[in-house]
Amino acid sequence: MRTATLYRFRLPMEAGVILRYQRLKTRDGFLIHLQENGQQGWGEIAPLPEFSKETVEQAGEAAMAWLRQWHLGAEPDESELPSVAFGISCALAELQGKLPQDADYRKAPLCNGDPDELIVRLSNMSGQKVAKVKIGLYEAVRDGIVVNVLLEAVPDLSLRLDANRSWSRAKADSFAKYVNPDYRNRIAFLEEPCQTPEQSLAFARDTGIAIAWDESVRDEGFNVEAQAGVTAIVIKPTLIGSLARCCQLISAAHNAGLEAVISSSIETSFGLTQLARIAHWLTPATIPGLDTLELIQSQLVRCWPGSTMPVTRLDELAIVWRS
């Protein structure tokens with residue numbers, strides 16, 4: 001006997017969360033709950049505006065269509081919508097006991113705000129000092145100066161940078177100009193600095209600053225391969241698809257000598273805790289990029305360990321479909 005429920009959530013964002021072109025005011029999505037033979041599994045379906053190819057409404061319709069088939073005993077095909085495929089695959093993995101409970105709750109802190117305060121915070125970090133800086137939102141020269149200041153002030157710090165394909169090659173070069181060549185090897189990677197992969201590869205070759213593929217991983221025809229200057233690929237499951245697809249990419253990356261980094265697409269605490277479990281399972285040697293919890297004003301059902309943020313309970317969510 002199979003039963004399934006689809007819940008809808010809408011959580012307020014903190015002020016000032018801006019995606020590419022718009023302010024994100026709420027985080028919207030669904031929780032999927034599967035039950036069979038006394039076992040249960042959960043997943044989060046939360047397409048990210050401007051980054052996901054599907055809308056929340058499209059994701060909800062696709063999830064309901066899959067659930068209608070599944071609860072009648074069918075084994076439906078994987079959804080073509082990445083957020084739906086990922087959420088359902090997590091629920092199935094929990095249901096089947098395939099998603100381990102152990103989790104990697106380490107975070108590469110997302111750095112923003114006053115550089116002096118950041119330096120104190122980063123200096124006081126325990127363990128491996130890895131942090132992330134979003135760049136490309138302001139002038140490239142300013143970004144270069146800030147990155148250089150952080151690397152100079154905290155000698156054992158390693159930075160992951162993310163430019164979201166923001167720069168022309170000339171702007172990327174102006175960024176690099178202000179980063180001391182002696183510090184560049186402590187930039188673990190810069191995600192897609194330029195508007196095309198070819199420009200990004202040339203930038204890495206000419207500056208010695210390592211890059212990582214992020215948006216390119218989701219482009220049609222992308223192949224994981226060893227390339228000069230590339231050290232990592234970034235895996236954002238909500239944008240990529242099912243656990244099986246993520247496993248394929250991670251395996252290919254490791255076989256090519258690349259690091260694979262599990263990263264957030266601003267999931268709720270529910271989704272982040274599952275991502276932490278996936279990271280511990282599939283990329284145990286790599287600190288995941290999951291420092292987005294505090295961008296949302298409330299946690300959702302499952303809490304991040306140690307967080308004192310308020311929690312939205314399951315009984316506060318609307319049920320949009322039930323078998």
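This is a predicted model: local features need pLDDT of at least 70, side-chain atom pairs count only at pLDDT 80 or more; totals for chains, interfaces and linings use all residues.
Strands here are DSSP runs of at least two residues, numbered from the N terminus. By that rule, residues 311-312 make up strand 12, and Thr312 belongs to this strand.

Buried means under 20% relative accessible area, so Thr312, at 14%, counts as buried. The side chain of Thr312 has a polar contact of 2.8 Å with the side chain of Ser298. If we set aside residues up to four places away in sequence, Thr312 touches Leu11, Ser298, Gln299, Leu300, Val301 and Leu317.

Next, Ala131. This residue sits in strand 5, which covers residues 130-134. Ala131 is buried too, with a relative accessible area of 0%. What does Ala131 contact, apart from neighbours within four places in sequence? The list is Ala108, Pro109, Cys111, Leu122, Leu157, Ser158, Leu159 and Arg160. For Ala108, the C-alpha atom is 4.5 Å from that of Ala131, although 23 residues separate the pair along the chain.

On annotation, an unreviewed UniProt entry places "domain: Mandelate racemase/muconate lactonizing enzyme C-terminal" at residues 115-210. In the model, that span is 45% helix and 16% strand, and its end C-alpha atoms are 23 Å apart.

Last, helix 2, residues 82-95. Helix 2 is mostly covered, with 14 of its 14 residues buried. Just after helix 2 comes Gly97, which takes a positive phi of about 70°.

How values were computed
Residues are numbered from 1 along each chain as its sequence is written. Side-chain values use heavy atoms; hydrogens and water are left out. Buried means under 20% relative accessible area, exposed over 50%, partly exposed in between (1.4 Å probe, protein chains only). Helices (H or I, at least four residues) and strands (E, at least two) are DSSP runs, numbered from the N terminus. Contact means heavy atoms within 4.5 Å. UniProt positions are given in the numbering used here, feature names are shortened, and annotations may be inferred rather than shown by experiment. A polar contact is a pair of N or O atoms within 3.5 Å; within protein, one must be able to donate a hydrogen and the other to accept it, and residues adjacent in sequence count only if both atoms are side-chain atoms.
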